[in-house]
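This report is meant for someone meeting the model below for the first time. It moves from the whole chain to a few single residues.

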Amino acid sequence: MTERRQTRGEHQKARAQKNKKKAPKSTSPSSVKTWVKRIFLTLVAIGVVGFIGGAGLFAYYASTAPELNEELLKDPVSSEFYDKNGEIFATIGAENRKYIKYEDIPEDMVNAILATEDVRFFQHHGMDFYRLGGAILANFRDGFGAQGASTLTQQVVKNSFLQNEKKLKRKAQEAWLAFQLERKYSKEEIFEMYFNKMLMSGRIYGFGTASQYFYGKELSELSLDEEALLAGMVQRPNAYNPLKNPDLAKKRRNIVLGLMLQHGKISKAEMEEAKAVDVTAGLADDATRQSFAGSKYDAFLDIVINELEKNDDGTAMAEGIKVYTTLDPNAQKIVENIMNDDANFPTENIESGIAVVDTKTGQIQAVGGGRNYGAERGFNYADDLTMNHPGSTMKPLLDYGPAIEYLKWSTGQTLVDERMNYTGSKQTITNWDGKYMGAMTARKALYASRNVPAVKALQEVGADKAKEFIGRLGVEAKNVYEADAIGGGDITMSPIQMAASYAAFGNNGVYTDPYAITKIVYRDGKSSKDYTPESNVAMSDYTAYMVTDMLRDVVGNKPDASGKAANVPGLDIAGKTGTTNYSTDEFNKYNLPNTSVPDSWFAGYTTNYSIAIWSGYEKRSDPITTWDERRLPQELFKNIMKDLSANVETARFTKPSSVVEATIEVGSNPLKLASDFTPSDRRQTELFVRGTEPTEVSNEYEAPELSTPYNVSANLDLGGQSINIGWEHDALLDSETNEPLPTTFEVSATLEGGETISLGTTDSKGLTVSNTLADGNYVISVVAIFDGTRSEPGTTSFQVTSMPDEDLETENPDEPDIENPTPPDQGDNNGNHNGNGNDGNNGNNGNNGNGNGNGNNDNTGNNNGGQTPTPPTEPTTPDGEVESTE
């Protein structure tokens, strides 16, 4: 059956019906209101639950808050400082605090504090909710703890009872106690508590004490700019110290003045006038500040306080913490005794900064902040000296260390000390003595502190690699320039940092950031914070040892060694000297002698201690001009290291298996082994990274020409039983001592037409051997031998003839014939009977020709004439007087 097709109209109608089914249903206004209501109710429910939960949590935290204690509210809480042995060496708190009543505080001082810390202090009830809202927004944006909203009341509570930590529990307790404090005390009393208990800097508490310490004035005598500076210090007490960081202090002071203007406390003219004042203009002198008592070890305590500041714990001392430090009391006493003895210094005003670091751990054991350093002197030369150039103490760190690490240089690497300019410059690189020494080893270039080889080493390594190397030693550098190779570029460091960097060489290449604090424990006795840094491998052990071995020579006895004055007999010490230079403009500006230098350094270490010392003057315009001043760091190092190491076992530096030795020919390039003929002054045993030692022997020097032995003689002794051989020889001379070099002689006999027989060797110019030669004519040969080189032979003819046995027997008559002596006036027959053989007997018959019978009759001649020697006879005394002989 045929299916009926739809008409056009039916098709359109069906299509419209289909589209109608697909169309979305329209949302009615009532349904939208329903969803909004649901969301709102959900949020309200969440808010209610959150509020109830938060309120409950707040109530719980508040219930665990400590009770208000008026004594703690009014007095600073003391913090305790412990040495490495766990003994307290300093307590900082209410000592020497000048307490000020509210009515004695100047109005401008009150306004400066309120404008900076809590402008609505007299309006709120312990919490500033307006400021709190801004802080909450900042914390949502930047993370919890990004910004605080503490009022003066909260700060008093925190510094009296709570720990310095950004946790909900502490904030809840702080808010609750602030509310309680506002109920119990007046605003003026609370302000007075704040004014007298805040940490101002170091160990200075309270604004009244700070006024006396920093300005030597009563509060009523302070100017507006001084009041603003003190008001701004509370936020970061040590960072804003005008004695140490005047630039930071100035910026902070000006911010406070701006806030005072913003809140209507001063006029714009007053603000501008106060900002124009030099931030250091009114500061008190050292003598005034010395009236404030310090601890036993003020210089070290300053380092500890600085470290607290760097770790965001600068204000924690006001909360009664326990600080466990790395201080070695014995080491600190040694340093202070030496620093406080004027006899150890060549001039009255020269200064020094000293850092003693444990070579293995990086712990700061002791510091010398300056001569006769007192409490809060303001500038600690061991730590605050960060803008002075290190001079040649930079060479191991930036030049030779990286060259060994990355290029695997030998300590014998050939470098040429020659006239040279900095790249792209007309400035000539000079040495301290104005001379150039030509080709030398890297070892000598370092221990003699030559500048041109150091720059060449940096050029070979490259600035990027050198920067990477010192970065692993804790030295930050934005850029590395060629001038940095000799410590005169952009890189600067403090004695503490230098001691820590050098310690890595003595610790097999392992570096640890220097630190003075191991941990701090908060007031509750349970919470603590670890300060101990992690150690890192900064270089290969071969780099550390090879640099150390070169630096041993700096303090050794070689003629050009630059650090001999630092040597301590019996100790294995490595170290480096350093001096800096004035620029041409500075020489002209300060009218300085041409021998002037601004800084002198020495850094050295054993396996126990690493010590860095700077010496110079407070003002750069005051120069070092004498060798006694230049050598001061070496002398101080020697005295300190000697005392530190007394009765302490000090191990020697140990060569690792990655390092091998080889005797090279100095000046060869590439390095080659010394040959047997290399002169002694060109032979040097140097260190190599295993696998890089040379295998090729130098052929630069040929075998020396040995002279031929001469005046060779040979004869038989009595009876022909031994052969006596003698000769002369002109030996080679040592080029250094001009003494004859040891020479060996090889002696042989060659039979005419026959074989050669060895008679032996000797170091002397004569040889006696048993006669085992057959009859015949021989040639006796003597050859000189030195260091493998042989001379031409020196020769002589020699005859061996056998004799009948009966001819060798000597008669022994019962009564020997007596021969009368010849009278003296009969002459000596022209001396022909002197035993020299003119009568054919070649013998030494003892008759010297003077007829007196005084010959030696030793019969040691050759007797080549074949005659039997005449037995000795007893002379008879002639009649008459005996003639004397001369």
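What percentage of the 886 residues in the protein chain do buried residues make up? Buried residues account for 47% of the 886, where buried means under 20% relative accessible area, exposed over 50% and partly exposed in between, with a 1.4 Å probe and protein chains only. This is a predicted model, in which local features need pLDDT of at least 70 and side-chain atom pairs count only at pLDDT 80 or more, while totals for chains, interfaces and linings use all residues. Residues are numbered from 1 along each chain as its sequence is written, and side-chain values use heavy atoms, with hydrogens and water left out.

The protein chain has 24 helices and 28 strands, which are DSSP runs numbered from the N terminus (helices H or I, at least four residues; strands E, at least two). Among contacts (heavy atoms within 4.5 Å) between residues at least 6 apart in sequence, 67% join residues at least 24 apart.

Helix α18, residues 451-461, is mostly covered, with 9 of its 11 residues buried, including V452, L458 and V461. Those buried residues pack against several elements, among them α16 (395-407), α17 (442-447) and α19 (463-471). After α18 comes G462, whose phi is positive, near 100°.

The side chain of E307 reaches the backbone nitrogen of I517 at 3.2 Å, and, leaving aside neighbours within four places in sequence, E307 is in contact with Y515, A516, I517 and Y531. For K576, a polar contact of 3.2 Å joins its side chain to that of T577; such a contact is a pair of N or O atoms within 3.5 Å, where, within protein, one must be able to donate a hydrogen and the other to accept it, and residues adjacent in sequence count only if both atoms are side-chain atoms.

Some backbone angles also deserve a look. Most residues other than glycine have a negative phi, and most peptide bonds are trans. N508, in the loop between α20 (495-506) and β12 (510-511), has a positive phi near 60°, and N508 counts as exposed because its relative accessibility is 51%. N711, in strand β21 (residues 710-716), has a positive phi of about 55°. A cis peptide bond joins N669 and P670, with omega about 5°.
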